[in-house]
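Please look at the sequence and the structure below. Then read this short report on a helix pair and an annotated site.

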Amino acid sequence: MSTLPQHPPEGTGPLRPSAAVARAARALAAAGVGSARVEAEVLAAYVLGVPRGRLALADDLGDDQLVRLDELTRRRAAREPLQHLTGRAGFRHLELSVGPGVFVPRPETELLAGWGVEQAQGRPDPVVVDLCSGSGAIALAVAQELPGARVIAVERSPAALAWLRRNAAERAAAGDRPIEVVEADVTAPDLLAELVGRVDVLLCNPPYVPDDVVVPPEVAGHDPAEAVFGGADGLVVIRPVVARAAVLLRPGGVFGVEHDDTHGAAVPALIAEDGGFTAVEEHPDLTGRPRYATASRRADGQHAPIGAAWQTDSS
């Protein structure tokens with residue numbers, strides 16, 4: 001385990017932010033933390049209570065602040081998620097509250113949220129549903145960027161629901177249109193029965209990692225397993241979500257679901273095989289890996305014969 005040099009003893013004077021960041025970055029790099037310099041800057045800015053971009057203009061760190069920074073650096077070196085240490089996670093234009101019991105939203109999911117926003121734009125009074133909402137990242141991003149949308153966030157975990165409701169309250173207090181939070185299991189056959197055939201955009205970032213996959217320590221030790229693992233093949237939740245999406249969406253409504261990077265063929269095939277969708281497409285993340293699939297509900301609201309074709313989005 002990495003060790004940190006002791007902070008200057010009381011009375012030796014303050015330490016410049018640049019020196020404190022350099023020391024923390026060395027400890028994080030030695031522990032194998034990626035982007036060690038960036039994370040050290042985030043922690044130092046958090047301790048100082050300033051934006052990361054203003055670190056160079058910040059006051060020196062006093063003894064108490066150095067003690068706090070050293071402790072946070074030790075915890076991060078032990079692979080506690082950075083977002084748990086600061087209590088915040090960035091997502092599109094939002095800063096969300098996160099911590100133990102809720103999945104920390106990832107940058108790649110911003111792509112799915114952005115696709116959902118684009119699809120809802122131009123629809124009159126769109127109804128948008130976010131399944132497996134977790135912290136509420138997707139739902140709250142849509143509500144902020146499309147104030148005319150009715151947004152429903154669905155989550156079953158009591159721990160995650162506490163974070164979801166907290167974030168929803170924070171965003172409503174900030175002036176965003178309030179979202180509706182529903183406690184429910186997304187695999188339930190009667191999910192959102194009152195919205196059958198009325199949803200314009202349905203988005204989902206489900207648990208999708210196959211059970212036998214070894215995940216990073218930040219995930220294994222801190223993200224809830226029920227929000228990460230999706231059964232032996234990673235598709236246990238996605239299968240019923242696809243079927244329910246076909247029921248909830250209005251004709252011409254759209255569906256987007258994030259998936260594991262090994263599911264670039266499997267998930268589009270599941271959607272196509274349902275028979276209720278057209279325009280099934282696969283989309284890559286910023287690294288070029290398969291990341292989410294999308295489709296449109298058939299305009300006639302019916303199901304086509306099983307085996308419809310799908311194409312890969314090359315844009």
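## Two helices

The crossing of H5 and H6 is right-handed, meaning that the near helix is turned clockwise from the far one by less than a right angle. The model is predicted: local features need pLDDT of at least 70, side-chain atom pairs count only at pLDDT 80 or more, and totals for chains, interfaces and linings use all residues. Residues are numbered from 1 along each chain as its sequence is written, and side-chain values use heavy atoms, without hydrogens and water.

H5 spans residues 109-120 and H6 spans 137-145. Helices here are DSSP runs (H or I, at least four residues), and strands are too (E, at least two), numbered from the N terminus. The angle between H5 and H6 is about 40 degrees, and their axes are 10 Å apart. Thr109, Leu112, Ala113 and Val117 of H5 meet Ile138, Val142 and Glu145 of H6. Contact means heavy atoms within 4.5 Å.

## The annotated site

In UniProt, an unreviewed entry gives the annotation "binding site" to Asn205, Pro206, Pro207 and Tyr208. Such annotations may be inferred rather than shown by experiment.

Pro206 sits in the loop between strand E6 (199-204) and helix H8 (217-220). Pro206 has 3% relative accessibility, so it counts as buried (under 20% relative accessible area, with a 1.4 Å probe and protein chains only). Beyond four places in sequence, Pro206 touches Cys132, Val237, Ile238, Val257 and Glu258.

Tyr208 lies in the loop between E6 and H8. At 10% relative accessibility, Tyr208 counts as buried.

Note on methods:
Axes are lines fitted to C-alpha atoms, for helices over the stretch in contact, and angles run from 0 to 180 degrees between N-to-C directions. Buried means under 20% relative accessible area, exposed over 50%, partly exposed in between (1.4 Å probe, protein chains only).
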